[in-house]
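Student: I would like to learn how to read a protein model. Could we go through one together, feature by feature?

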Amino acid sequence: MKSLSRCFALFLPWLLAACATTGSGAPPKLDADVQAVTTYHIGVDDQLQITVWHNPDLSVSVPVRPDGRITVPLIGDVVAGGRTPDQVSAEIKDKLQSYIRDPQVAVILIALRSNEYLSRVRVTGAVRSPISIPYRQGMTVLDAVLAAGGITEFAAPDRTELYRKGDADSPVAYAVHLEKILQKGDLANNYPVQPGDVITVPQRAF
């Protein structure tokens with residue numbers, strides 16, 4: 001598995017370079033719709049707290065299984081994956097009405113584990129630990145590179161590129177002068193990142 005990950009890390013920059021278009025020189029634009037989630041849809045491995053008012057025996061904390069379902073006491077399986085908490089709450093309430101008069105149901109997300117797999121930033125190439133990390137609000141290129149352990153002695157940091165999904169779904173490459181960021185504190189190219197970005201640090205030619 002480790003060798004497979006290493007091969008992927010080496011191959012990904014070449015694949016991106018072959019498919020990418022080059023940015024115009026302007027800094028990459030942040031997509032507010034990608035950064036902010038206005039309506040969260042439940043995913044596999046999320047943890048839900050189901051609360052039925054005045055019925056503690058029916059109030060449970062349950063994970064979303066790989067089939068997208070949860071198990072609720074008395075009514076059995078309910079589809080949660082791909083739906084909002086309000087939609088799940090409405091279905092549970094509807095099914096409980098056969099057993100309880102006017103049930104009051106709340107569905108609360110207590111652990112958003114699936115979102116970490118969907119919203120990630122990846123750092124590949126000549127860094128000490130090529131990684132895929134969960135996106136955090138305010139994260140920058142420098143934050144991501146430092147999370148990867150920094151660059152290696154074989155890196156060509158001023159040829160670093162940030163790849164971001166463009167309008168035609170093909171990645172657009174933006175030049176990042178990483179050496180200036182690391183050695184001189186010049187943050188002009190320390191761009192904010194967003195979910196789905198890939199940062200590649202190439203090796204220098206010998």
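Tutor: This is a predicted model.

Student: Are Asp197 and Arg164 buried or exposed?

Tutor: Both Asp197 and Arg164 are buried. Salt bridges can also share partners: Arg65, Asp67 and Asp77 are joined into one network that way.

Student: How many salt bridges are there in the whole structure?

Tutor: A search finds six.

Student: With which residues does Glu91 form salt bridges?

Tutor: One partner is Arg83, where the closest N and O atoms are 2.3 Å apart. Another is Lys95, with 3.1 Å between the closest N and O atoms.

Student: Where do Glu91 and Lys95 lie?

Tutor: Both are in helix H3 (residues 85–96), and the four residues from one to the other make about one turn of the helix.

Student: Why does Arg83 count as partly exposed?

Tutor: Because its relative accessibility is 21%, and buried means under 20%. Lys95 is partly exposed too, at a relative accessible area of 30%.

Student: Next, backbone angles. Which residue other than glycine has a positive phi of about 80°?

Tutor: That is Asp45. Asp45 lies in the loop between helix H2 (32–35) and strand S2 (47–52), and with a relative accessible area of 34% it is partly exposed.

Student: What about His54, and where is it found?

Tutor: His54 is in the loop between S2 and strand S3 (60–63). Its phi is also positive, near 70°, and it is not a glycine. His54 counts as exposed because its relative accessibility is 64%, and the cut-off for exposed is over 50%.

Student: Now the whole chain. How many helices and strands are there?

Tutor: The chain has six helices and 11 strands. Of its 206 residues, 39% count as buried.

Student: What is the accessible surface of the chain?

Tutor: About 12,100 Å², and carbon and sulfur atoms hold 55% of that surface.

How values were computed:
Residues are numbered from 1 along each chain as its sequence is written. This is a predicted model: local features need pLDDT of at least 70, side-chain atom pairs count only at pLDDT 80 or more; totals for chains, interfaces and linings use all residues. Side-chain values use heavy atoms; hydrogens and water are left out. Helices (H or I, at least four residues) and strands (E, at least two) are DSSP runs, numbered from the N terminus. Buried means under 20% relative accessible area, exposed over 50%, partly exposed in between (1.4 Å probe, protein chains only). Accessible areas come from the Shrake-Rupley method with a 1.4 Å probe; for residues, only the protein chains shown count as cover. A salt bridge is a side-chain nitrogen of Lys or Arg within 4 Å of a carboxyl oxygen of Asp or Glu.
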